[in-house]
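Colleague: Could you take me through this model one feature at a time, giving the general idea before the particular case?

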Amino acid sequence: MKKLYLSLILALVVALCAGQAAMAAGWEVNVSAPADDKAAVAKALTGQQSVDLHLAAYLGRQANEEGGTDYCVLVKADPANKDKVPYYALAYVSVNKKGSAMLRGWSKLTGVGLNSRWTLTRSSRMTYAQSQSLKKRLTSQDGASFKWVGYLGYRGSRQNAQHCILYRVTTPGSQPSLQLVYVNTRSGASVKVSNAVELDIAAYAK
């Protein structure tokens, strides 16, 4: 139990730093966009020759110098070459004042632990009991709010697995930040937060 609390405290400290970094870089951590912009962004992600990009979540936005909006979105990349494994990436799309969008590029999500041993899926493999137990543990932390953004994948079996979940974390006095929270589960409702990793969208944009 003490290890769990220590892990969550460290996650909150990292969240605070991430929020300050995002604020300094001009990015607003956000998980939505106007309907017209969503349609434009989805269109901009299509038609890539070597990979299919599937929109998974909106992560952030910032105003650009042309008077439009830049969006950072999480995408699942499925390479055309079937010998290569799928991966997650951060894609950056600019929408101009006329509503047209352009994909400026994407960066593979690296250094966060989601390697080839993971099954990448948006469908949660946690049971309802485990999800509720995790929710109670996270919401019991004083001063922090964890908003579920998306389930990203798992490794292991249903009896003994590790899961990766993306959260929007808000702590008093700081801007919201994004955290990849890793959760270990066993049979029943047992859950344990094993790690939390900052997802710094400004750093991936460089």
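**Reading helix, sheets and pocket**

Modeller: What covers the buried residues of helix α2 includes the strands β2 (51-63), β3 (69-79), β4 (87-95) and β5 (101-108). This is a predicted model, in which local features need pLDDT of at least 70 and side-chain atom pairs count only at pLDDT 80 or more, while totals for chains, interfaces and linings use all residues. Residues are numbered from 1 along each chain as its sequence is written, and side-chain values use heavy atoms, with hydrogens and water left out.

Colleague: What elements does the protein chain have, and in what order do they run from the N terminus?

Modeller: Helices (H or I, at least four residues) and strands (E, at least two) are DSSP runs, numbered from the N terminus. The protein chain has four helices and ten strands, and from the N terminus on these elements follow one another as α-β-α-β-β-β-β-β-α-β-β-β-β-α.

Colleague: Which residues of α2 are buried, and which exposed residues does the face turned away from them carry?

Modeller: Buried means under 20% relative accessible area, exposed over 50%, and partly exposed in between, with a 1.4 Å probe and protein chains only. In α2 (residues 35-44) the buried residues are Asp-37, Ala-40, Val-41 and Ala-44. They lie on the same side of α2 because they cover an arc of only 100 degrees around the axis, the arc being that of the directions from the helix axis to the C-beta atoms. Ala-35, Ala-39 and Lys-43 are exposed on the face of α2 turned away from its buried side. For the protein chain of 206 residues, buried residues make up 46%.

Colleague: Which residues is Val-149 in contact with, leaving aside its neighbours within four places in sequence?

Modeller: Contact means heavy atoms within 4.5 Å. Val-149, found in strand β7 (residues 145-156), is in contact with Val-31, Ala-57, Arg-122, Leu-166, Tyr-167 and Arg-168 once those neighbours are left aside. Val-149 is buried, with a relative accessible area of 17%.

Colleague: Which residues lie nearest the centre of the largest pocket?

Modeller: On a 1 Å grid over the protein atoms alone, a pocket is an open set of points where a 1.4 Å probe fits, with protein on both sides within 12 Å along at least five of seven lines, and lining residues have an atom within 4 Å of a point. The largest pocket is lined by 13 residues, and Pro-86, Tyr-87, Leu-114, Asn-115 and Leu-120 lie nearest its centre. The elements giving two or more residues to this lining are β4 and β6 (119-120).
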